[in-house]
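Subject: Structure handover

Hello,

Here is the structure for you to look through. My notes on it follow below.

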Amino acid sequence: MDKVKELEAMDKLFDRLFPICRSITGEGLRETIEILSEYMPLEVFGEPTGKQAFDWEIPKEWVIRDGWLKAPDGRKLADFKSSNLQILNYSTPVQTKLSLAELEGHLFSIPHLPEAVPYVTSYYKERWGFCLPHCEREQLVEGEYEAYIDSEHIDGELNYAHSVLPGETDREVLISTYICHPSMANNELSGPLVAAFLYNRIAKWSKRRYTYRFVFVPETIGSIAYLHRFGTEMKQNTQAGLVLTCLGGPEPLNYKLSRSGANPLDHIWQQLLERGELEGKTRPFTPAFGSDERQYCSPGFNLPVGQMARTVYGLYDGYHNSLDTKEAMTIEALQRSVEELERLLELNEAEGYYVNRSPYGEVKLDKHGLYPDINSPINRSQSSNEVMDNRRQLNIILTILNYADGEHTLTEIAELCRSSIAAILPFIEQLKEKGIIEGPYAEKGRLFK
Amino acid sequence: MDKVKELEAMDKLFDRLFPICRSITGEGLRETIEILSEYMPLEVFGEPTGKQAFDWEIPKEWVIRDGWLKAPDGRKLADFKSSNLQILNYSTPVQTKLSLAELEGHLFSIPHLPEAVPYVTSYYKERWGFCLPHCEREQLVEGEYEAYIDSEHIDGELNYAHSVLPGETDREVLISTYICHPSMANNELSGPLVAAFLYNRIAKWSKRRYTYRFVFVPETIGSIAYLHRFGTEMKQNTQAGLVLTCLGGPEPLNYKLSRSGANPLDHIWQQLLERGELEGKTRPFTPAFGSDERQYCSPGFNLPVGQMARTVYGLYDGYHNSLDTKEAMTIEALQRSVEELERLLELNEAEGYYVNRSPYGEVKLDKHGLYPDINSPINRSQSSNEVMDNRRQLNIILTILNYADGEHTLTEIAELCRSSIAAILPFIEQLKEKGIIEGPYAEKGRLFK
Amino acid sequence: MDKVKELEAMDKLFDRLFPICRSITGEGLRETIEILSEYMPLEVFGEPTGKQAFDWEIPKEWVIRDGWLKAPDGRKLADFKSSNLQILNYSTPVQTKLSLAELEGHLFSIPHLPEAVPYVTSYYKERWGFCLPHCEREQLVEGEYEAYIDSEHIDGELNYAHSVLPGETDREVLISTYICHPSMANNELSGPLVAAFLYNRIAKWSKRRYTYRFVFVPETIGSIAYLHRFGTEMKQNTQAGLVLTCLGGPEPLNYKLSRSGANPLDHIWQQLLERGELEGKTRPFTPAFGSDERQYCSPGFNLPVGQMARTVYGLYDGYHNSLDTKEAMTIEALQRSVEELERLLELNEAEGYYVNRSPYGEVKLDKHGLYPDINSPINRSQSSNEVMDNRRQLNIILTILNYADGEHTLTEIAELCRSSIAAILPFIEQLKEKGIIEGPYAEKGRLFK
């Protein structure tokens with residue numbers, strides 16, 4: 001798929017998913033998974049209401065059919081059919097008439113964003129309510145209001161889906177995103193869209209060292225349920241991972257470090273930034289704010305999982321309200337995310353420990369066509385720039401060979417070359433092709449085994 | 001005992017102890033222990049003269065009955081009965097008449113503090129001598145002087161005392177101070193007074209995790225003799241320790257780190273200072289200067305023992321001379337020391353590793369009444385400050401739960417919360433009461449045992 | 001040998017070695033070893049042409065008898081007999097007449113140093129050529145030139161030599177230098193000269209803790225061949241090592257750290273510089289630039305070997321050309337190198353872990369004549385400077401005794417004394433003589449064994 005077609009396809013998928021009323025359970029969630037499964041093979045799971053998942057219990061499934069709030073003059077102030085954000089997500093049913101004073105506790109708006117309809121949820125406490133622009137709320141007059149929500153909480157299930165793309169080894173890269181947010185763009189259709197198209201790119205790689213696990217869950221309860229089912233094998237196999245969220249918007253990539261801050265993607269990311277190979281920002285790991293990395297990084301699992309965003313939740317006006325639209329985010333930004341993440345994961349494929357097969361004394365480079373055969377300060381047939389370039393390349397090759405001792409990672413070797421991984425990778429490939437080095441190995445200490 | 005009564009009691013004890021002529025052995029030492037034993041239960045030990053204690057030998061006991069120096073005109077220049085500092089501590093007996101020139105080598109004074117009588121000792125080399133104000137010494141005229149010291153060195157014993165306050169575990173906190181200094185206030189009646197009243201406070205705690213060992217010894221030889229008897233069990237059991245000295249005076253607490261600088265009290269202390277919870281200063285560990293921490297931290301024992309002072313030895317005019325009086329020090333400062341040390345030890349009781357009992361995925365906080373049940377940017381019933389406070393508290397709780405993994409100490413968890421131990425302790429207590437976390441444990445790595 | 005005689009002897013040896021046409025094999029190499037063997041016992045080795053040494057093969061031996069280049073007017077532009085640098089080192093034979101255009105590819109000169117004859121080698125690719133000053137090259141006119149080189153590549157051998165000076169233990173210090181460079185002074189007669197005279201100094205030490213291995217090899221292929229024969233035992237025994245190169249010139253010593261940067265000589269060197277005991281500069285380890293330390297530090301061996309220079313290769317005009325003369329370097333600088341290296345190795349003899357034999361409580365210093373026997377602020381018989389000196393010495397002694405715990409190296413103990421190794425060594429010796437401490441031990445953790 002070329003880049004133009006990819007962009008069109010992303011745009012089309014966005015438009016199909018945007019209107020759906022999603023929640024942590026229910027029909028909208030299933031419909032979303034079904035549409036995504038047209039783009040990649042997805043295995044779908046359902047956990048029944050009431051099932052225990054660690055400290056949590058799968059909640060009742062939410063059925064929402066209609067809802068509106070009528071002013072004393074009969075005008076509809078909120079209407080599920082025109083915007084699902086206007087009904088409190090997970091609202092209990094209601095059909096009643098009440099005064100403005102009685103209504104107040106059931107209304108939600110944002111004083112500092114008077115035009116925006118807020119996104120409000122109440123999953124674990126029974127409530128009903130309506131969300132509306134603050135400017136409209138300010139106009140409300142005394143009188144009799146009519147509230148109507150046709151919803152139900154039934155014994156049903158919580159759904160999620162995954163796709164496992166096999167590689168040469170069982171070591172896995174986790175890509176996880178969430179599909180419980182209703183009609184908002186950056187947070188959160190950006191994550192599922194990027195994940196789906198990233199899947200398609202990685203599926204086309206000529207070889208994959210790692211297995212790639214793509215996970216689509218409702219946030220928090222979904223990743224907890226997923227870990228309850230798959231956590232043991234993930235703890236065994238996960239080499240690296242990313243939670244994808246808020247990947248639209250004009251900002252550069254913004255990476256939240258994994259819990260230890262010392263996993264392969266943490267090192268690769270930081271080196272790319274330090275060496276100016278990628279524009280980006282870095283956030284520390286925080287267990288209290290964020291998305292599903294908080295579950296993957298809970299102390300019992302402690303997976304090497306970070307989180308990638310651009311326009312970060314909580315830091316933009318449209319966060320969790322109706323201003324979070326496709327236009328504010330752009331599909332182009334999503335495609336840029338796909339590209340940058342693909343590049344990051346390509347580099348991660350090469351991370352690990354390398355082993356020089358001739359570790360005793362220097363390798364005789366000219367035998368392998370890797371060394372100038374004359375030792376002269378000036379050779380008229382070469383320009384001074386050529387001499388510099390040759391010297392720099394020779395420096396990289398000799399430095400790689402010295403530190404390909406089974407004790408230094410690719411990132412560390414690149415640092416010792418005063419280069420980025422990206423810059424030394426062609427040399428690594430060349431040395432591998434010539435049979436001079438082996439790797440990457442996941443474990444340290446292979447040289448003398 | 002309320003604070004006013006405590007202060008009066010400290011003042012009274014000070015006045016009883018101050019006049020006694022103490023040394024590293026002898027009657028004054030025993031009398032001091034006897035008086036202290038009215039304030040706390042004390043077990044008294046005596047090591048006989050000539051007994052070997054590691055590289056040292058218990059010296060002969062010093063008996064001092066009287067002593068004076070008479071000028072040619074018969075005036076008493078020094079007189080044991082008016083001030084015991086005027087006789088060289090551990091002086092041999094003498095009864096002789098001699099010229100001023102012959103006398104010079106037996107006189108001690110401080111040129112830059114002409115009014116002060118210095119405190120001079122000669123425990124391990126036989127000498128006699130007198131200490132006097134330099135201004136008086138400058139007035140001495142030629143003529144016949146008469147020196148008289150009625151002392152004896154007998155086969156006796158070296159005494160020390162301790163009190164062990166049992167706790168829930170055998171792990172011990174050592175509080176050690178010294179009782180060999182004669183009539184001086186800051187250095188050193190402050191240590192024994194603070195120790196005695198600190199004992200009484202800790203004895204009233206509703207529970208003690210640790211056992212508390214209070215030790216009163218003559219300095220150096222006393223702590224070496226004590227270690228000779230109890231060192232093996234102390235090496236086994238000591239969790240933390242403090243040598244108390246120079247705890248009067250207007251300065252804030254001044255902590256000398258333990259030998260490794262990485263023991264629990266070192267960490268707690270430094271965090272309290274960094275987080276502004278306590279005013280204080282920190283000194284590095286030095287094996288060459290100081291008090292009995294030099295013995296506890298000798299390489300064969302290497303106990304986790306620091307030293308706490310205020311107005312540090314050597315750094316004030318009254319150091320080791322007659323200017324070191326109650327007025328220059330104040331009983332109020334001693335009481336402040338008691339309070340601050342009690343607080344420090346309370347925090348130390350909570351130091352250690354904590355374990356989250358639901359480490360897989362996040363704890364379902366609302367089940368435990370620890371989470372706001374609605375996820376809304378603005379809730380009219382809450383002020384914006386309340387929202388901030390709730391968010392901050394939630395942040396602390398979630399951060400504690402993530403790092404209660406058996407791998408992080410309380411001090412480390414507090415740092416990860418960007419708070420002090422003191423600030424997070426109420427949350428730790430709450431989570432323990434609700435059965436969500438366990439701890440503190442002394443050993444790392446409990447989560448998956 | 002006194003210093004004046006040593007200097008004369010160095011000067012004489014220099015003059016004997018300078019004119020010889022050395023290469024990585026051949027008669028000049030053997031002659032050089034023979035002359036050196038008059039100054040120290042040398043065992044000589046020969047590796048036959050064609051023998052494999054790790055990734056390398058011993059090349060054919062180069063025989064060079066004569067060579068010259070004649071201008072169209074019959075004038076000699078280059079002449080082996082007047083300067084061996086004028087013939088490309090390892091040149092194939094040639095006897096031909098050719099035009100200036102045909103000659104160009106066989107000429108080497110340095111445009112920015114028009115008076116200098118460059119030193120050019122082509123060991124592993126068959127070539128012939130002449131080296132000449134660029135100013136002369138610029139004058140060459142069209143016409144017929146005559147090139148004549150009477151050389152041969154024969155099945156012969158590659159030679160190297162070593163001398164092992166036994167010490168109390170099998171632990172070895174390696175001193176390696178190279179003898180393949182023809183008529184140049186700083187790079188490289190300085191290394192062999194310094195090595196030979198350093199040998200003679202160390203041979204006179206009253207005792208040697210370590211065995212000293214002095215190695216003279218042709219660069220790169222020689223050290224690889226040497227490692228092929230002795231590498232296994234060197235890997236077992238080497239405690240420290242230095243490659244000596246470029247040790248003439250006015251600059252201070254310039255040390256290239258060993259591969260880990262954390263070997264004993266690295267620590268000693270850095271402390272001497274930090275404490276101002278030695279003037280010098282430090283370079284990081286680089287596997288791509290330098291001399292035989294690149295072989296000793298190849299990943300399969302990873303010996304604790306650094307490199308010592310003054311006027312570093314590549315950083316002075318005379319590098320690898322005829323400007324590198326005795327006058328530009330000076331024999332005095334070589335002698336200074338001998339002295340400074342001897343001092344460094346003396347300190348290295350004392351490096352290691354020390355053990356206090358009375359580790360429980362303080363040592364009773366007065367018993368051993370190491371402590372003032374009176375504790376008095378002012379003693380009229382001592383000046384205030386004496387008091388300060390005594391206090392400083394006591395501080396050093398007590399600090400040594402505390403950290404002589406089998407866990408701290410001498411360098412670390414010196415740091416804890418806020419002193420240099422050199423400054424605390426007299427105290428270490430005194431404490432050893434009195435039987436109070438033991439050491440140095442190479443291994444950590446001896447205290448409680």
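Helix α5 of chain A covers residues 190–203, 14 residues in total, where helices are DSSP runs of H or I with at least four residues, strands are runs of E with at least two, and both are numbered from the N terminus. From its first C-alpha to its last, α5(A) reaches 20 Å, close to the 20 Å expected at 1.5 Å a residue; the expected span is 1.5 Å times one less than the number of residues. Because 12 of its 14 residues are buried, α5(A) is largely enclosed by the rest of the structure. Here buried means under 20% relative accessible area, exposed means over 50%, and partly exposed is in between, with a 1.4 Å probe and protein chains only. Among the buried residues of α5(A) are Pro192(A), Phe197(A), Tyr199(A) and Arg201(A).

This is a predicted model, in which local features need pLDDT of at least 70 and side-chain atom pairs count only at pLDDT 80 or more, while totals for chains, interfaces and linings use all residues. Residues are numbered from 1 along each chain as its sequence is written, chains are lettered from A and ligands numbered from 1 in the order in which they are written, and side-chain values use heavy atoms, with hydrogens and water left out.

Next, the salt bridges. Arg201(A) belongs to a network of them that also links Lys3(A), Glu6(A), Glu339(A) and Glu342(A). A salt bridge is a side-chain nitrogen of Lys or Arg within 4 Å of a carboxyl oxygen of Asp or Glu. Over all chains, the search of the whole structure finds 90 salt bridges.

Two of the pairs lie within chain B. Glu61(B) and Arg30(B) meet in a salt bridge at 2.6 Å, N to O. Glu61(B) sits in strand β4 (residues 61–70) and Arg30(B) in helix α2 (residues 27–36), 31 residues apart, so distant parts of the chain are linked. Glu61(B) is buried, with a relative accessible area of 7%, while Arg30(B) is partly exposed at 23%.

In the other pair, the closest N and O atoms of Glu47(B) and Arg229(B) are 2.9 Å apart. Glu47(B) counts as buried at 1% relative accessibility, and Arg229(B) is partly exposed at 41%.

A further salt bridge, at 2.6 Å from N to O, is formed by Arg294(B) and Glu362(C). Arg294(B) is in helix α8 (residues 293–296) of chain B and Glu362(C) in the loop between β17 (353–356) and α11 (384–403) of chain C, so the pair joins two chains. Both Arg294(B) and Glu362(C) are buried.

Across the interface of chain C and chain B, 3 salt bridges are found. The contact, meaning heavy atoms within 4.5 Å, takes 30 residues from chain C and 35 residues from chain B. The two chains bury about 2,700 Å² between them, 52% of it on carbon and sulfur atoms; buried area is the accessible area (1.4 Å probe) that two parts lose on being put together, summed over both.

Regards
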